[in-house]
Amino acid sequence: MIDCHAHLWDPAQGFGWIGPDSPHRRPYGEADLAGSGAGVDELTGAVLVEASRGDTGETDALRALRLRRPDLVAGYVGNLHVHGDEGPERFGRLLREWGTTRPNGMRMGGSSLPDTPASARALIPVLDAAGLVLELNLHRAALASAADLARRHPGLTVVVDHLGNPPHLGTGDPGEWYRDLAEAAAAPNVLVKISGLLTQQHGVAPGRVADLVRHVVDVLGPDRCLVGSDWPICLPRGTRADSLALSRAGLDRLTVPERERVLHGNAVRAYRLGC
């Protein structure tokens, strides 16, 4: 299994979103990542995802770790926002210079797609041309935005984090999310990560969360779903193993080959991993 969503950070290097009283206010490095795999069956590697350090140095750090620990890190996703000032031509040149050590994808995040920096959105055609994933972590209309981008860039693979951030099942109405999921399903180059559930759906009965996952898999199909732990974000609610177990609970109706694709094969294909 490839865990498609894990983070590393050191608050001393930035990461302004980690407040002084945050339970996440401590460094998480490669030794922590290696140790966090305890209890996770058949784990073969992780895709590290940027954690909003706020500068291009985070991309460099992820790249260095990927080179140093290929046994631990299968790939990495950088922050597209921080490369916006480079402009499309310079960013494209940088990716070419990195060659096979370039990121496997780049991520945009924020409240909604229109609220993301125009300079970052201007780099999307570069990702399309380079064959890199565009990853989205938007708090509103993530799935609908992914569908729109996928239609405009049919050669681009768009991966939506955390099921598209549906509302908490215990307190919110997911009706709009269901409609957006159907729209995303009509764009064959949109994939969805089954991730972040332990954090986002805390307090919801595991069976209801599994039903949510089953719906995603039924609508998109097993060839367009990935799994991720969102470690160490998940730690106040449970371990990496706990998080991945919740993500996998809704895969119980899949055949063995379908399940293998969700847990491993789709990640290799989407991120062009060498494993």
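## Basis of the model

The model is predicted, with local features requiring pLDDT of at least 70 and side-chain atom pairs counted only at pLDDT 80 or more, while totals for chains, interfaces and linings use all residues. Residues are numbered from 1 along each chain as its sequence is written, and side-chain values use heavy atoms, with hydrogens and water left out.

## Overall form

The chain contains 11 helices and 8 strands (DSSP runs numbered from the N terminus: H or I of at least four residues for helices, E of at least two for strands). Its radius of gyration is 17 Å, close to the 19 Å that the globule rule gives for 275 residues, so the chain is as compact as a globular protein of that length. That radius is taken over C-alpha atoms, and the globule rule is 2.2 Å times the number of residues to the power 0.38. The C-alpha trace spans about 45 × 40 × 40 Å along its principal axes.

Of the 275 residues in the chain, 55% are buried (buried means under 20% relative accessible area, exposed over 50%, and partly exposed in between, with a 1.4 Å probe and protein chains only). Among contacts (heavy atoms within 4.5 Å) between residues at least 6 apart in sequence, 78% join residues at least 24 apart.

The largest pocket holds about 510 Å³ of space. Its lining has 22 residues, of which S52, R107, N137, H139 and H162 are the closest to its centre. A pocket here is an open set of points on a 1 Å grid over the protein atoms alone, where a 1.4 Å probe fits, with protein on both sides within 12 Å along at least five of seven lines; lining residues have an atom within 4 Å of a point. Grid points are joined across faces, edges and corners, and a volume is the space filled by probe spheres set on the points. Strand β4 (105-110) and helix α8 (197-200) each supply at least two lining residues, and the largest share, 4 residues, comes from β4. By class, the lining comprises 5 nonpolar, 14 polar and 3 charged residues (nonpolar: Ala, Val, Leu, Ile, Met, Phe, Trp, Tyr, Cys and Pro; charged: Asp, Glu, Lys and Arg; polar: the others, Gly among them).

About 290 Å³ lies in the second largest pocket. Among its 16 lining residues, L8, W9, Q13, Y28 and A61 are the closest to its centre. Helix α2 (residues 57-68) gives the most to this lining, with 5 residues. The classes here are 9 nonpolar, 2 polar and 5 charged.

## Helix α6

Helix α6 is mostly covered, with 8 of its 11 residues buried. These buried residues are A142, L143, A144, S145, A146, A147, L149 and A150. They pack against α5 (124-130), β5, β6 (158-160), α7 (175-185) and β7 (190-194).

## Backbone features

A141 lies in the loop between β5 (133-138) and α6 (142-152). Although A141 is not a glycine, its phi is positive, at about 55°; A141 is partly exposed, at 34% relative accessibility. E42, in the loop between α1 (30-35) and β2 (45-49), is another residue other than glycine with a positive phi, near 60°. E42 is exposed, with a relative accessible area of 65%.

The peptide bond from W231 to P232 is cis, with omega near 0°. P232 is located in the loop between β8 (225-227) and α10 (240-248).
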